[in-house]
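Colleague: I would like to go through this model with you. Could we begin with its open spaces and then turn to the fold?

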Amino acid sequence: MAEQQPGAGVEAGAGVYSVGITVRGYETDTQGHLNQAVYLQYAEHARWSILMAAGIRQADLIEKGVGPVALENTLRYRSELRAGDEVSVSCRFLWGERKTFRIEQVFTKPDGTVAAELTGVGGLLDLKERRMVDDPKEYFRALATDARVLDL
């Protein structure tokens, strides 16, 4: 999985987190661009990183009997990424009142150029019942040691 670079962090209270990643050569396609599937891996890495920054470990979720699920992802490519490029992948959770939440992620080059944008819909699955929990933000709030990171 992608490596976290120095400078990754949270804007205090803003609920926006970013992680720096260096594109590796083996992650590129025959045109030399970052492979499409790797964008999803980088996005997933940023999502788990924001949860960790909020104090939520995967083991904590499993202990509670729940797990996050991706229900929909839309990825828009704006500018190519190549081997050796640095990219910052942001992550922000937008909480609704129902069983799902939105996630906004932006892949940004050091010069401010947006390489890609990902919008997603997620939920929290009860691992025993195999159903979405009614209010995922309450689970995240209860587990977080710093709920501000998740804008809760």
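**Pocket, core and fold**

Modeller: This is a predicted model. Its largest pocket has a volume of about 200 Å³.

Colleague: Which residues are the closest to the centre of that pocket?

Modeller: The lining comprises 16 residues, and those closest to the centre are Glu44, Arg47, Pro68, Val69 and Ala70. Two or more lining residues come from each of α1, β3 (66-77), β5 and β6.

Colleague: Which element gives the most to the lining?

Modeller: That is β3, with five residues.

Colleague: And how do the lining residues divide into nonpolar, polar and charged?

Modeller: Ten are nonpolar, three are polar and three are charged.

Colleague: Let us change topic. How many residues does the largest nonpolar core have?

Modeller: It has 36 residues. Those with the most contacts inside the core are Tyr42, Ile56, Val89, Phe93, Phe107, Phe140 and Leu150. At least two core residues are supplied by each of β2 (16-22), α1 (36-53), β4 (86-95), β5 (100-108), β6 (114-126) and α3 (136-143). The most come from α1, which gives seven.

Colleague: What does isoleucine 56 touch?

Modeller: Leaving aside residues up to four places away in sequence, Ile56 touches Leu51, Leu61, Phe140, Leu143, Ala144 and Leu150. Of these partners, Phe140 and Leu150 are also listed among the core residues with the most contacts.

Colleague: What pattern does the chain follow along the sequence?

Modeller: The chain has three helices and seven strands, and their order is β-β-α-α-β-β-β-β-β-α. The radius of gyration is 16 Å, close to the 15 Å that the globule rule gives for 152 residues, so the chain is as compact as a globular protein of that length. The C-alpha trace spans about 45 × 30 × 25 Å along its principal axes.

Colleague: What share of the residues count as buried?

Modeller: Of the 152 residues, 38% count as buried. As for contacts with a separation of 6 or more, 65% are accounted for by residues 24 or more positions apart.

Colleague: Is arginine 130 buried or exposed?

Modeller: Arg130 is exposed, with a relative accessible area of 55%. Aspartate 151 also has a positive phi of about 60° without being a glycine. Asp151 is located in the segment after α3 and is partly exposed, at a relative accessible area of 33%.

Terms used:
Residues are numbered from 1 along each chain as its sequence is written. This is a predicted model: local features need pLDDT of at least 70, side-chain atom pairs count only at pLDDT 80 or more; totals for chains, interfaces and linings use all residues. Side-chain values use heavy atoms; hydrogens and water are left out. A nonpolar core is a set of buried Ala, Val, Leu, Ile, Met, Phe, Trp, Tyr and Cys residues joined through side-chain atoms within 4.5 Å. Buried means under 20% relative accessible area, exposed over 50%, partly exposed in between (1.4 Å probe, protein chains only). Helices (H or I, at least four residues) and strands (E, at least two) are DSSP runs, numbered from the N terminus. Contact means heavy atoms within 4.5 Å. On a 1 Å grid over the protein atoms alone, a cavity is a set of points where a 1.4 Å probe fits but cannot get out, and a pocket is an open set with protein on both sides within 12 Å along at least five of seven lines; lining residues have an atom within 4 Å of a point. Grid points are joined across faces, edges and corners, and a volume is the space filled by probe spheres set on the points. Ala, Val, Leu, Ile, Met, Phe, Trp, Tyr, Cys and Pro count as nonpolar, Asp, Glu, Lys and Arg as charged, and the others, Gly among them, as polar. The radius of gyration is taken over C-alpha atoms; the globule rule is 2.2 Å times the number of residues to the power 0.38.
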